[in-house]
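Subject: Structure for you to look at

Hello,

Here is the structure I promised to hand over. Please open it first, then read my notes below.

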Amino acid sequence: MIKYRLGCPSGHEFESWFRASADYDAQALAGEIACPLCGSIDISKQPMAPSIVTNPSVAARPAKAHSTQGGDAKAALEALRAIKKSIFENSEDVGARFADEARKMHFGEIEERHIRGSSTLEEAKELVQEGVPFGILPALPEDLN
């Protein structure tokens, strides 16, 4: 796992974990990473200071096994699964028409409803520029198979 400090053009900074740097690159290219504050998908890595242990007694301690924190990660993953399930059960899949439908609802052309679907990176950027609110569901391990 690797943690990156990320930022958007509005100056918002946040951190996110990835299995590998290639996962960050693929998700960023696909527009799957969004600023949690403004929704921008124009995300970049920010400078980070490395975590260096200077206390010899801390450095000499064996590293904790991942399983000690695995419960937290497992609970977070289950929470994400529950959220995703709820969204899928309570929204209409509009497929590739997502950007058009979201835009029409935002500008009052059609009645608002809960939708989900897909869009291109360019469509998502346009939605952000137009102030159309939307979210990006993270890919879960079972989605990658």
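Start at Gly31, which is buried, with a relative accessible area of 7%. (Buried means under 20%, exposed over 50%, partly exposed in between, with a 1.4 Å probe and protein chains only.)

Before going on, some ground rules. This is a predicted model, where local features need pLDDT of at least 70, side-chain atom pairs count only at pLDDT 80 or more, and totals for chains, interfaces and linings use all residues. Residues are numbered from 1 along each chain as its sequence is written, and side-chain values use heavy atoms, with hydrogens and water left out.

**Gly31**

Gly31 sits in the loop between helix 1 (21–29) and strand 3 (44–45). (Helices, H or I with at least four residues, and strands, E with at least two, are DSSP runs numbered from the N terminus.) Leaving aside residues up to four places away in sequence, Gly31 touches Ile41, Leu121 and Ile136. (Contact means heavy atoms within 4.5 Å.) Ala124 is 93 residues from Gly31 in sequence, yet 7.7 Å from it in space, C-alpha to C-alpha.

**Helices 4 and 5**

The axes of helix 4 (residues 98–106) and helix 5 (residues 121–130) come within 10 Å and cross at roughly 10°. (Axes are lines fitted to C-alpha atoms, for helices over the stretch in contact; angles run from 0 to 180 degrees between N-to-C directions.) That makes the two helices roughly parallel. (Roughly parallel is under 35 degrees, roughly antiparallel over 145, roughly perpendicular 65 to 115, and the rest oblique.) Phe98, Ala99, Arg103 and His106 in helix 4 meet Glu123, Glu126, Leu127 and Glu130 in helix 5.

**Pockets**

The largest pocket holds about 1200 Å³ of space. (On a 1 Å grid over the protein atoms alone, a pocket is an open set of points where a 1.4 Å probe fits, with protein on both sides within 12 Å along at least five of seven lines; lining residues have an atom within 4 Å of a point. Points are joined across faces, edges and corners, and the volume is the space filled by probe spheres set on them.) Its lining has 31 residues, with Met1, Trp17, Phe18, Leu80 and Ala139 nearest the centre. Helix 3 gives the most, with 7 residues.

The second largest pocket has about 940 Å³. Of its 33 lining residues, Phe98, Arg116, Gly117, Gly135 and Ile136 are closest to the centre. Helix 4 gives the most to this lining, with 4 residues.

Best wishes
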